[in-house]
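Subject: Structure handover and pocket notes

Dear colleague,

I am passing on the structure we spoke about, together with some notes on what was found in it. Please read the notes with the structure open beside you.

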Amino acid sequence: MSRPTAPYVGVLALQGDVREHVAALTALGVAAGPVRRPAELDRCDGLVLPGGESTTIGRLARHFDMLAPLRAYVAADRPVLGTCAGMVLLADRVLDGTPAQQDGSEMVGGLDVTVRRNAFGRQVDSFETPILLHGAEVPVPGVFIRAPWVESVGPGVEVLGRVEASPAQGDAAGRIVAVRQGAVLATSFHPEIGEGGGSVVHRLLLDVIDEAASAARGS
Ligand SMILES: NC(=O)CC[C@H](N)C(=O)O
């Protein structure tokens, strides 16, 4: 019986916190590295779109002819995790985005959600609050840095996490900050910073990669 080969996870390395994601994945014993070109994307069993600045990442992706390959990757149901700016890039609809984000010309898209960019930024630029992810018993530390929230989700999108619905959270109370649609995961917060190595969110991506590999083997 042939054993499945170990997965390789790429981190889109145009701008943003690439090293932190590579470190979080490596800490889980997974081979991971930066991706800048379409040929590199092809060999990835999963992909992370990191946090950073979504306008810059989108512009560079267009410049380096990566937008079409990234869209094709998502459309092919291959496993993807987008965090913060990465979540913005995956969204089909953006509020408070730049014109090139609102018209989709510098977006990856494929995730049927509406995100509001810099949504938490109006209250405080950065903060940390525990997020209880769906099915988990212990909350993860959610680190939010000028983060988007998910304003609304389409019918095929599962909500994985929200900010606690307490009055102390102000405008943020009850907001959706983690979602899944098929093989696409997205979080408003930065699991690569808050949780570091062994992150629950990175483990979830590895589970999605395993599921995709089993489906491809027909088991
Ligand atoms: N930490 C982040 O990734 C911030 C995201 C940034 N505000 C954006 O819209 O791109």
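Which residues line the second largest pocket? Please bear in mind, before the reply, that this is a predicted model. The lining of the second largest pocket is made up of G52, E53, S54, C84, A85, V88, R117, N118, I145, R146, P148 and H190, and about 160 Å³ of space lies within that pocket. Sorted by class, this lining divides into five nonpolar, four polar and three charged residues.

The second largest pocket is also where the ligand sits. Around the ligand are G51, G52, E53, S54, C84, A85, R117, N118, I145, R146 and H190, a shell that by class has three nonpolar, five polar and three charged residues.

A backbone N or O atom of A85 lies 3.1 Å from an oxygen atom of the ligand, while a backbone N or O atom of I145 lies 3.0 Å from a nitrogen atom of the ligand. For H190 the side chain is involved, with one of its polar atoms placed 2.9 Å from a nitrogen atom of the ligand. As for cover, the ligand has 300 Å² of accessible area on its own, and the protein covers 95% of that area.

Of the elements, β12 gives the most to the lining of the largest cavity, with three residues.

What is the make-up of that lining by class? The lining of the largest cavity has nine nonpolar residues and one polar residue, with no charged residues, whereas the lining of the second largest pocket, where charged residues are counted, has three of them.

With best regards

Technical notes. Residues are numbered from 1 along each chain as its sequence is written. This is a predicted model: local features need pLDDT of at least 70, side-chain atom pairs count only at pLDDT 80 or more; totals for chains, interfaces and linings use all residues. Side-chain values use heavy atoms; hydrogens and water are left out. A residue is near a molecule or strand if one of its heavy atoms lies within 4 Å of it. A polar contact is a pair of N or O atoms within 3.5 Å; within protein, one must be able to donate a hydrogen and the other to accept it, and residues adjacent in sequence count only if both atoms are side-chain atoms. Accessible areas come from the Shrake-Rupley method with a 1.4 Å probe; for residues, only the protein chains shown count as cover. On a 1 Å grid over the protein atoms alone, a cavity is a set of points where a 1.4 Å probe fits but cannot get out, and a pocket is an open set with protein on both sides within 12 Å along at least five of seven lines; lining residues have an atom within 4 Å of a point. A molecule sits in a cavity or pocket if more than half of its atoms lie within 2 Å of its grid points. Ala, Val, Leu, Ile, Met, Phe, Trp, Tyr, Cys and Pro count as nonpolar, Asp, Glu, Lys and Arg as charged, and the others, Gly among them, as polar. Helices (H or I, at least four residues) and strands (E, at least two) are DSSP runs, numbered from the N terminus. Grid points are joined across faces, edges and corners, and a volume is the space filled by probe spheres set on the points.
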